[in-house]
Amino acid sequence: MTLYDVPAPAKVNLFLHVVGRRADGYHLLQTAFRFIDLCDTLHFDARADGVIGRAAELPGVPPEQDLTLRAAHALQRATGTKQGVQIGLEKRIPQGGGLGGGSSDAASVLIALNRLWGTGLTRRELMALALPLGADVPVFVFGQSAFAQGVGEELAAVALPERAYLVAQPDASVPTPEIFSAPDLTRDSSYITIADFLASPTFCFGRNDLEPVVYRLYPEVLGASRWLAEQLKPYGVAVRMSGSGACLYAEFSELSEAVLAKTEITAIMRGADKTISQTHPRFRLVRACAGLAEHPLRNWIAR
């Protein structure tokens, strides 16, 4: 049995406030997640021998740190199934970018294998398996745009208007633990309500409390943010960092606007490459993406 071309979408944090810290060191957050149509793709070949493996190595990620393998083992242990699987992964979401690629991959593994193996867990049960894998994994199982609290496990669905996003990844990879352990990280932002967030007419609400730390430790991300903001001035949109970075994004009312901005920025960068006097930050990814109303696998979970 096989499942091929299974999507794992990226997310952006529309805002991210750090409102406290638990005794065990975990940070208490308030944030809003939105899925976008930048996706990794997974392929699954079931095995009868119980072995869980990768179809190919993932550069820089040893097997013991691979969230796709950890998710598969977690589901196998929780259900007692004797089945195994070989997992193929096509990466498009940048690693170390704050777009939740690894978390999304893990969630898609749980959802897909729950279907492929016929283990029949409910959404709530899959979310319980997801949380130990990472704070962002449960929202991808939850499957809807969400207002999140706690360490990311308290989720409430929110209806968001159609929007599009220009996403750019500066030439940097930011490790999340380094940012959350920084002594100058703001950890006492005031609590807000869902109503506070939904009352924002542009959804450029609040801020990302991790930005100042990332900008201090990774000046190339700060430079990229300032440069991108300057190019986007004619569109009247702000630039924000997603998660712990390094990816930056701007929100547009229409996908056509985001596509036009991408085209113009790409042309500026190509022109600067040909002129000694002009410089610009290097980007690994510049992509215009539509915001998704819900996770593409949401209906794969019956309950």
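Q: Which residues form one aromatic cluster?
A: Phe15, Phe147, Phe197 and Phe205 form it. The model is predicted, so local features need pLDDT of at least 70 and side-chain atom pairs count only at pLDDT 80 or more, while totals for chains, interfaces and linings use all residues. Residues are numbered from 1 along each chain as its sequence is written, and side-chain values use heavy atoms, with hydrogens and water left out.

Q: Why is the pair of Tyr165 and Tyr249 called edge-to-face?
A: Rings of Phe, Tyr and Trp (its six-membered ring) pair if their centres lie within 6.5 Å; planes under 30 degrees apart count as stacked, over 60 as edge-to-face and the rest as tilted. Here the centres are 5.9 Å apart and the planes stand at 70 degrees, so the pair is edge-to-face.

Q: What makes Tyr165 buried?
A: Buried means under 20% relative accessible area, exposed over 50%, partly exposed in between (1.4 Å probe, protein chains only). Tyr165 has 0%, so Tyr165 is buried. Tyr249, with 5%, is buried too.

Q: Why is the pair of Tyr235 and Phe252 called edge-to-face?
A: The ring centres are 5.7 Å apart and the planes are at 80 degrees, so this pair is edge-to-face. Both Tyr235 and Phe252 are buried.

Q: What makes the charged end of Arg115 count as sitting over the ring of Trp300?
A: The rule asks for NZ of Lys or CZ of Arg within 6 Å of the ring centre and within 35 degrees of the ring normal. The charged end of Arg115 sits over the ring of Trp300, 4.2 Å from its centre.
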